[in-house]
Amino acid sequence: MTDTPTIPSSLVDALRDARFVAVLTGAGVSAESGVPTFRDAQSGLWAKYDPRELATPEAFERNPKLVWDWYSERRAKVAAVAPNLAHFALADLERRVPGFLLATQNVDGLHARAGSRKLVELHGNITRVKCSRCHAIADSWSDASPPRCVACNAYLRPDVVWFYELLPADAEAAAEQAARECDVYIVAGTSGEVYPAAELPARARHAGARVVEVNPTATPLSAIAHDKLRGPAGVVIPALLRAAFD
Ligand code: BJW
Ligand code: ZN
């Protein structure tokens with residue numbers, strides 16, 4: 001059993017009284033489902049590649065097959081895993097507070113599968129595939145690696161946000177507004193190294209929110225968090241809900 005960190009009573013009160021709660025999640029929230037975190041060492045076939053060097057438009061231009069195959073394997077892995085207690089607790093939290101938004105950096109779709117609806121996916125979704133030129137979403141594709149767009153014959157690619165690409169404008173705007181308007185901001189399972197997502201907690205703090213970090217280890221975001229709940233998200237987030245709402 002993992003120890004649950006102590007939850008300060010002032011945080012319990014803040015959560016209970018909150019009119020709007022905003023949440024930012026990262027790969028650590030899916031770790032207990034068996035999805036490797038982004039900065040974890042790659043295994044097997046991919047051991048010699050740095051994910052930071054595969055998740056770029058340049059990598060896809062240079063070696064489309066390598067990048068397509070990496071995402072195909074990850075897509076298959078995501079389809080084979082299930083949401084964990086952290087995903088379910090966040091779906092529950094959305095129903096407990098008057099205003100809520102969950103902004104996730106994860107591309108695995110597990111929050112939606114756990115029942116979250118007030119949800120924006122800042123970095124896209126690995127289960128969707130789009131054309132790299134005309135951006136049309138593909139409903140099906142061939143076994144080629146990569147397959148081609150039926151409309152314009154360019155390569156298809158995963159509908160995720162690579163480094164140096166813009167985030168979906170509506171998702172980013174909604175996440176920024178939630179950070180500005182929330183009373184409590186929960187940031188869970190992210191290393192806080194990737195922008196613009198990493199600046200959301202500071203915006204929330206600047207606007208007066210109580211900022212809570214859920215992560216087994218310290219991150220650059222720890223410095224701006226009022227509460228640092230050290231432990232796995234699948235333990236800490238359900239404990240936070242029990243403390244505030246049971
Ligand atoms: C647990 C746990 C458990 C483990 N429970 N926790 C400003 C300053 C500097 C640079 C930039 C800037 N603005 C933009 C940039 C450039 C760049 C960037 O941020 N670079 C940094 C590396 C410095 N940003 C971009 O390019 C973005 N685009 C953009 O801003 O466009 C405009 C622009 C362009 C160019 C220049 C300037 C502006 C786009 C970013 C897209 C990120 N895409 C990826 C890949 C998605 C597809 C895929 O999955 O392959 O998104 S990168 C990768 O990182 C992925 C993740 O969503 C993202 C964040 O990672 P995350 O979730 O934090 O995971 P990890 O692995 O890093 O951390 C896991 C954490 O969990 C750890 O802390 C563990 O301790 C913890 N943990 N077990 C709780 N059980
Ligand atoms: Zn096309």
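In this predicted model, the residues of helix H8 that are buried are Ala 171, Ala 175, Glu 176, Ala 178 and Ala 179. Because they cover an arc of only 160° around the axis, these residues lie on the same side of H8. On the other side of the helix, by contrast, Ala 169 and Asp 170 are exposed. The cover over the buried residues of H8 includes strand E1 (20-25), strand E2 (99-104), strand E3 (119-121) and strand E7 (184-188), together with helix H9 (200-206).

The length of H8 can be checked against its residue count: at 1.5 Å a residue, the 13 residues of this helix, residues 169-181, should span 18 Å, and since its end C-alpha atoms are 18 Å apart, the two values agree.

We can now turn to the ligand. Around ligand 1 there are 35 residues, of which Arg 39, Tyr 71, Tyr 164, Thr 190 and Ser 191 come nearest. For Tyr 164, a polar backbone atom is 2.7 Å from an oxygen atom of ligand 1, while a backbone N or O atom of Glu 165 lies 2.7 Å from a nitrogen atom of the ligand. Thr 190 contributes through its side chain, a polar atom of which lies 2.6 Å from an oxygen atom of ligand 1. Taken on its own, ligand 1 has 1500 Å² of accessible area, and the protein covers 75% of it. The elements that give two or more residues to the shell around ligand 1 are helix H2 (28-31) and helix H5 (64-79), and H5 gives the most, with three residues.

Technical notes
Residues are numbered from 1 along each chain as its sequence is written. Chains are lettered from A and ligands numbered from 1 in the order in which they are written. This is a predicted model: local features need pLDDT of at least 70, side-chain atom pairs count only at pLDDT 80 or more; totals for chains, interfaces and linings use all residues. Side-chain values use heavy atoms; hydrogens and water are left out. Helices (H or I, at least four residues) and strands (E, at least two) are DSSP runs, numbered from the N terminus. The expected span of a helix is 1.5 Å times one less than its number of residues. Buried means under 20% relative accessible area, exposed over 50%, partly exposed in between (1.4 Å probe, protein chains only). The arc is that of the directions from the helix axis to the C-beta atoms. Contact means heavy atoms within 4.5 Å. A residue is near a molecule or strand if one of its heavy atoms lies within 4 Å of it. A polar contact is a pair of N or O atoms within 3.5 Å; within protein, one must be able to donate a hydrogen and the other to accept it, and residues adjacent in sequence count only if both atoms are side-chain atoms. Accessible areas come from the Shrake-Rupley method with a 1.4 Å probe; for residues, only the protein chains shown count as cover.
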